[in-house]
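Walk through this model with me.

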Amino acid sequence: MAKKALITGITGQDGSYLAEFLLEKGYEVHGLVRRASTLNRARIDHLQGFEHGENPRLILHYGDLADSVSLVKLLYSLQPDEIYNLAAQSHVRVSFDIPEYTSDVTGVGAGRILEAIIESGIGKKVRFYQASSSEMFGKVQAVPQTETTPFYPRSPYGCAKVFAHWLTVNYRESYNLFACSGILFNHESPRRGESFVTRKISIAAARIKKGLQKELYLGNLDAKRDWGYAKEYVEGMWLMLQQDKPDDYVLATNETHTIEDFLSAAFGHLDLDWRDYVKFDSRYLRPAEVDLLIGDYSKAKRALGWEPQTRMHGLAKLMVDADLAALR
Ligand code: NAP
Ligand code: G4F
């Protein structure tokens, strides 16, 4: 019988790649979706079917990380083999505007799923993945960052992720749950949300090349990030749940680049000089910034056989090419 996986956040960047990956592996994939006034399923439309019965192995369920009863009921009726908790209010800058909501969904939401696992009685067989984040390292206490680097979050989002991370460790130790956290460094793709900096840049570069836009307003260009390709990172999530024992792993590229470097790569790919177009807007600054992230993925390489293939320059090119193609 096909294994059953439940993905929260299936309509997001990572959820859509993970759904694709698991369907290819033969899983029956269930997704938790929240109700919106318009359908926001563009990233999974190509997987087809859910509501029209075209793909019986992809089934969507209404629910919300803020609604514990919906989670208990779903886990009880579904009895999934694997749960990937990818849902979150995932925007760091926005978390300063809505800290309470971010804490509730990104932090407590993970606790609601963990508790729903216990309440629904599936704790002995289910395997659980928590989407932890390099944002937890914040004001970094070591370079590069590993699974043992102390956390020092710099945003309500980072604090919420630290809470969810430690709750996952706690449920693993308290209830013997097969619960893993993937501490993922920034990962991007043509499906990246349009308000994150890489995608904002790739879209602008394509539009400027086509004469559809003249300027691009950004905030801090000096921050350094370890950027990988989302499509490769979802395989790492799955690998974590296929091991004999649950554990936590960093997924990263072990390279770091400034926003300026990404601008050069993206605009340079189209023979444009970013300095001719980029303007500063203080609205994109954060009350506290994460200045430097660079991850050491050697544990994932050793234990999971996972390694990133795409680095920042290749990533910038593939994102710009996709945005250019979309304009055609
Ligand atoms: P994303 O594109 O922003 O997707 C977030 C998903 O969560 C969407 O499907 C969204 O649904 C859903 N969601 C938000 N609030 C919800 C709620 N209250 N109940 C149920 N679902 C809700 O994020 P991503 O980039 O794919 O990231 C996936 C996860 O990894 C997130 O937890 C993120 O914090 C974490 N992470 C991401 C990165 C990265 O670089 N991408 C790095 C480390 C960790 P809607 O479509 O309805 O909005
Ligand atoms: O693209 P960003 O918004 O990503 P950020 O803050 O690193 O968070 C992302 O990665 C985390 C992993 O470390 C995830 F957990 C999180 O969910 C999210 O996916 O910003 C990257 C950098 C920041 O230093 C920001 O200050 O870009 C800088 N930046 C400069 N101008 C900008 C802009 N960021 C955004 N979003 N928009 C700007 O105009």
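From which domains does the shell around ligand 2 draw at least three residues each? Domain 1 (4–187 + 228–251) and domain 2 (192–225 + 256–326) each supply at least three. These bounds come from an automatic or database domain assignment.

A word on the ground rules. This is a predicted model, in which local features need pLDDT of at least 70 and side-chain atom pairs count only at pLDDT 80 or more, while totals for chains, interfaces and linings use all residues. Residues are numbered from 1 along each chain as its sequence is written, chains are lettered from A and ligands numbered from 1 in the order in which they are written, and side-chain values use heavy atoms, with hydrogens and water left out.

Back to the ligand. The shell around ligand 2 holds 23 residues, where a residue is near if one of its heavy atoms lies within 4 Å. Ser133, Ser134, Tyr157, Arg286 and Glu289 come nearest. By class, the shell has nine nonpolar, eight polar and six charged residues. Here Ala, Val, Leu, Ile, Met, Phe, Trp, Tyr, Cys and Pro count as nonpolar, Asp, Glu, Lys and Arg as charged, and the others, Gly among them, as polar.

Now the polar contacts (pairs of N or O atoms within 3.5 Å). The side chain of Glu289 places an N or O atom 2.6 Å from an oxygen atom of ligand 2. Tyr157 has a polar side-chain atom 2.8 Å from a ligand 2 oxygen. Gly219 uses its backbone: a polar atom there is 2.9 Å from a nitrogen atom of ligand 2. Taken alone, ligand 2 exposes 710 Å², and the protein buries 96% of that. Accessible areas come from the Shrake-Rupley method with a 1.4 Å probe.

Next, the salt bridges. The count is 15, taking a side-chain nitrogen of Lys or Arg within 4 Å of a carboxyl oxygen of Asp or Glu. In one of them, Lys125 pairs with Asp81 at 3.7 Å between the closest N and O atoms. Lys125 lies in the loop between α4 (99–119) and β5 (127–133), and Asp81 in the loop between α2 (68–78) and β4 (82–85), so the pair ties together parts 44 residues apart in sequence. Helices (H or I, at least four residues) and strands (E, at least two) are DSSP runs, numbered from the N terminus.

Arg192 and Glu188 form another, at 2.7 Å. Both residues are buried, that is, under 20% relative accessible area, with exposed meaning over 50% and partly exposed in between (1.4 Å probe, protein chains only).

Technical notes:
Polar contact = N/O pair within 3.5 Å; in protein donor to acceptor, adjacent residues only side chain to side chain.
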